[in-house]
Amino acid sequence: MWIGALTIFPELFEPFLATSLIGRARERGLIAVEVRNLRDFTEDRHRVVDDEPYGGGGGMVMTAPPWVRAVRELSAGHSPWRVLLSPQGRRLDDAKVQELASRPELLLLCGRYEAIDERVRELVVDEEISIGDYVLSGGELPALVLIEAVSRCVPGVVQQASSVERDSFRRGLLDHPHYTRPPAFEGLEVPEVLLSGDHAAIERWREREALRATLAKRPDLVPGAALSAEQRAELARARADSEACKPRSGKG
Ligand code: 4FV
């Protein structure tokens, strides 16, 4: 997989791209990440990438020519899916991560300043993606989030492929609780079943706990989740319990 990134702060990417999972994936040639400085695509000696907003108002706007020049030059020899990271974009979630990971080439546009000239979107952007409803100072961190999430879907990047499949959200539910040594800590014991060696019972426990965690923390996910028989039974139990706790209305 080839991922290009356009930014005025390429130095922000290096430490992340040279470390851990992503660093090893690049060494093993599973992914290639090419970070380019947008200023290399300016034509003036001050390498200016921003200007005053037409119509006035605070802040500076990133000018279109460097972006269009850069995207077209980086698309020579590549036909990347061109993604602008911005708060106006579709929210990044697991389904979108998997869709982006199915593409052979991505080009990520990382903005700075108040905004980017609208004509950049019209001329060289296929899709806008947001990592959340808050405003950052730049698109670099969202791009790094996207690179990490997408790279984990590339076969071989995560050693334990099963752990990716078991990841939260992959099956629409949050993950079950995890434990490791010591077996008891500050009076808190590891659930007995996990020490039993009974893998069928452990799997059932994990399924129930994944559903319980989701009901408690992200009930909005449950309707869309692919529930196993164990989880459907647990959901029915949970619903029956909550019904049982509901105060009886006076009538009848
Ligand atoms: C953002 C987000 C984000 C907006 C103006 C960069 C900033 C500045 N990108 N998800 N949330 N971008 O806040 O993706 O140029």
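Accessible areas come from the Shrake-Rupley method with a 1.4 Å probe, and for residues only the protein chains shown count as cover. A salt bridge here is a side-chain nitrogen of Lys or Arg within 4 Å of a carboxyl oxygen of Asp or Glu.

The model is predicted, so I note that local features need pLDDT of at least 70 and side-chain atom pairs count only at pLDDT 80 or more, while totals for chains, interfaces and linings use all residues. Residues are numbered from 1 along each chain as its sequence is written, and side-chain values use heavy atoms, with hydrogens and water left out.

**Entry: Leu 136**

I placed Leu 136 in the loop between β8 and α6 (140–151). Helices (H or I, at least four residues) and strands (E, at least two) are DSSP runs, numbered from the N terminus. Leu 136 has 38% relative accessibility and counts as partly exposed. The classes are buried for under 20% relative accessible area, exposed for over 50%, and partly exposed in between (1.4 Å probe, protein chains only).

**Entry: the ligand**

Which residues come nearest to the ligand? Of the 17 residues around the ligand, I list Tyr 113, Ile 131, Gly 132, Tyr 134 and Leu 136 as the nearest. A residue counts as near if one of its heavy atoms lies within 4 Å of the molecule or strand in question.

I then looked up the polar contacts, which are pairs of N or O atoms within 3.5 Å; within protein, one must be able to donate a hydrogen and the other to accept it, and residues adjacent in sequence count only if both atoms are side-chain atoms. A polar backbone atom of Tyr 113 is 2.9 Å from an oxygen atom of the ligand. For Arg 112, a backbone N or O atom lies 3.2 Å from a ligand oxygen atom. At Gly 132, a polar backbone atom is 3.1 Å from a nitrogen atom of the ligand. The ligand taken alone exposes 360 Å², and the protein buries 94% of that.

Two or more residues of the shell come from each of β5 (81–91) and β8 (127–130). Strand β5 gives the largest share, three residues. By type, I find nine nonpolar, seven polar and one charged in the shell.

**Entry: salt bridges**

How many salt bridges does a search of the whole structure find? It finds 18. Side chains of opposite charge can pair when their charged atoms come close.

I looked up Arg 212 and Glu 209, whose closest N and O atoms are 2.6 Å apart. Both sit in helix α8 (residues 199–217), and being three residues apart they are separated by about one helical turn. Arg 212 is partly exposed at 40% relative accessible area, whereas Glu 209 is buried at 14%. Salt bridges that share partners also join Lys 96, Glu 99, Arg 103 and Glu 127 into one network.

Glu 127 is buried, with a relative accessible area of 12%. Its side chain makes a polar contact of 2.5 Å with the side chain of Lys 96.

Asp 93 pairs with Arg 90, the closest N and O atoms being 2.9 Å apart. Asp 93 is partly exposed at 33% relative accessibility, and Arg 90 is partly exposed at 40%.

The side chains of Asp 40 and Arg 47 also form a salt bridge (3.0 Å, N to O). Asp 40 is partly exposed at 43% relative accessibility, and Arg 47 is partly exposed at 33%.

**Entry: backbone**

Arg 47 came up again: its phi is positive, about 50°, although it is not a glycine. I place Arg 47 in the loop between β2 (32–37) and β3 (50–51).

Tyr 113 has a positive phi of about 60° and is not a glycine either. Tyr 113 sits in the loop between β6 (105–110) and β7 (115–116), and is partly exposed at 36% relative accessible area.

Which peptide bond is cis? The bond from Arg 181 to Pro 182 is cis, with omega near 5°. Pro 182 is in the loop between α7 (161–166) and β9 (184–185).

Key:
Nonpolar A, V, L, I, M, F, W, Y, C, P; charged D, E, K, R; others polar.
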